[in-house]
Amino acid sequence: MGYVATVRRGFAIRTVARALAGLSGAAVFAAGCAAPGGGGSPAEAVTQGDARGSDAPARGPSTDSPADAPGAFPTPGALDAISEAPEPVEIFSLDVHPVQEWKLEGPFPERIGALPAQDPSPWGQLLGAAAQQRAGLVLPTEAMNCVAREFGRFYLAYRGQPSQGLKRFITARCHASVTRVGTAWVSQDVPPGFDEKRVFERWQGSVRETLERHLGGGPRTAGIWYGRRDDHVVVMVAYGFRDVQVTPFDPFVEDGRVEVRGEVLGNAAQVTARINRGKFGVADCERVGDLAPPRFHFACRVDPDDRSTYLSVDSQQVGRLIGSPGILAMVWPGSSTNETYRRPEYGEPWPVVQASEMAEGLVALLNRIRKRSGIGPLELDAEQSEVANELAPHFFASMFGHEPESQMDLIVLGLMAGWQVNGLVESGNFAAAWTMRSNDLNDLLAESLEFPSGRQALLDPNAERLAVGSLLETKRGRESMAAVFASYTLFTTEANDAMARQVFEQLVKERHARERRAPERLEEVTVLCQAAAMRVQAGAEPRDAMGTLIQESARVLQRPVSGWVAEFSDVEEIEFPEDYLEDPSLGVAVGIGYRKPEGEPWGRWVVLLVVAAPESRGA
């Protein structure tokens, strides 16, 4: 099974990043001017299901962490304290039966969202009564009845749970607006003449207890299903962790895009949405309007050649550095739907028998996938992978409740920090996945790449290095594997000119928004700006480099000039001085370098801006 999460530096955390990373550190200079499961006997009708909710992991990390903020990253010492703790003896304990293909039965809800269920059956009435005990928190829905039915059908066929990929398909195909689903069931052999009425009379108490046990704690959607195969009967309960309230919407795409709107059920600081495009692609969805969190409205462009695709909405709660998954929806760019799950394949089979084989095998297989998608390869970072190997068991132990959930944030940010990466880190992504009853790396990567956030982490075209922490169990009948991934984009001098162009274009864009014309380029001092940027990269203080640059520029131009220096992580974070945006006409030269502030693992861009009035005004 798998769970994929991503953390990256990005637009969703700019407000926090500004406050913490300190664009207030910008300075203006001037010169020349003033300026789960268990068993049971037939007699007991014992509830079976996930052991401490293990098929519905704790709320995991998702997207968009302000990791570029000073103090956001845990120190190497804090990571050592985690890795030196005893490892859990067992992490994964689910009874999973993997299949290559499985056909769902239907019917399916016509819209995505928490549509109230209409179930007059005795089992539906039991669920309704349990929901009434938690009115406003538990909502029986059509979608979760669908999920319970499809999980129940699979259980009757194989006496086991579906793989994570099939669970994801069932949940999304049933149009349940959740990402985490838990199950619990009562299941027994019964005599041939034991009809549903007699089953209900005998089991209603056990089912009622099951509902009470699993519907507490927070907002839930829930469903129930009764089924029988030969002499085996199951009452399946499915419950979804309702973190986001979605306005019900049509899953069929019109005009090349689908819109999703709703509200995060919590004190959200940021909300983001992404959608898969094609075999390997992923894209951010566009915000519609100016809704403030926790409310959201996104428009997501689709690939018209996709028969179906996944759309995710994630949120970052106030006070947390790591985001949380909200919904994972299946939408249909074409006019037809699909009821058959087929195990995804992104690469060729790659079985392993030792954990030491996993990292190099995963990188090799991933690079073949990246090549097919038209992007460059990743290089395995050996030293950072050692850190990842030490932290991986504790990450998954936290996810499955064996260790504190809060530890996940530290581990994710610790791996994102890349303290041991060979190079200066500009930005990073994190992902994690697991698979049961398999030792094939292709299955593990498929679990990652099915999610938009997994693609964001592993198929980022700008990423250059990858750290991998691996877990492997090869004991017959308990085969399982898991991995944490951290990918890194590095600073390179070759990127300086491109970033300088982006900074200039951002200034032009903001001036145009104020109906001001584009600034004149001061070609005579551009080379001076570039030289000053190189001095910053060599260790000079940015303010000192700017002071020298201003004096040199004034001598070359023979007119008053001013200058401005700032550090930033994302070009759209830059807040230019008001005068530079409002002046009807001015000349500009841009130099870009980068540096690593003391005590921080990531570097930052440094922009050095020289500004002068046009020559006629300067005279």
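## Exercises on a predicted model

Of the 619 residues of the protein, 59% count as buried, where buried means under 20% relative accessible area, exposed over 50%, and partly exposed in between (1.4 Å probe, protein chains only). The structure is a predicted model, in which local features need pLDDT of at least 70 and side-chain atom pairs count only at pLDDT 80 or more, while totals for chains, interfaces and linings use all residues. Residues are numbered from 1 along each chain as its sequence is written, and side-chain values use heavy atoms, with hydrogens and water left out.

**Exercise 1. Describe how helix 4 meets helix 5.**

Step one is to count the elements: the protein has 16 helices and 24 strands, these being DSSP runs numbered from the N terminus (helices H or I, at least four residues; strands E, at least two). Step two is the geometry, since two packed helices are described by the angle between their axes and the distance between the axes. The axes of helix 4 (residues 142-158) and helix 5 (residues 164-173) come within 9 Å and cross at roughly 145 degrees; axes are lines fitted to C-alpha atoms, for helices over the stretch in contact, and angles run from 0 to 180 degrees between N-to-C directions. Step three is to list the residues in contact (heavy atoms within 4.5 Å): Val147, Glu150, Phe151 and Phe154 in helix 4 meet Leu166, Lys167, Ile170 and Thr171 in helix 5. By class, this contact of helix 4 with helix 5 has five nonpolar, one polar and two charged residues, with Ala, Val, Leu, Ile, Met, Phe, Trp, Tyr, Cys and Pro counted as nonpolar, Asp, Glu, Lys and Arg as charged, and the others, Gly among them, as polar.

**Exercise 2. Locate the cis peptide bonds and the positive phi values listed here.**

The background is that most residues other than glycine have a negative phi, and most peptide bonds are trans. For the peptide bonds, a cis bond joins Gly106 and Pro107, with omega about 5 degrees, and Pro107 lies in the loop between strand 3 (101-103) and helix 3 (122-133). The bond from Pro293 to Pro294 is cis too, with omega near 15 degrees, and Pro294 is found in the loop between strand 12 and strand 13 (295-301).

For phi, Asp230 has a positive value near 55 degrees in the loop between strand 6 (220-229) and strand 7 (232-241), and Asp230 counts as exposed because its relative accessibility is 66%. Arg437 has a positive phi near 60 degrees and is partly exposed, with a relative accessible area of 36%.
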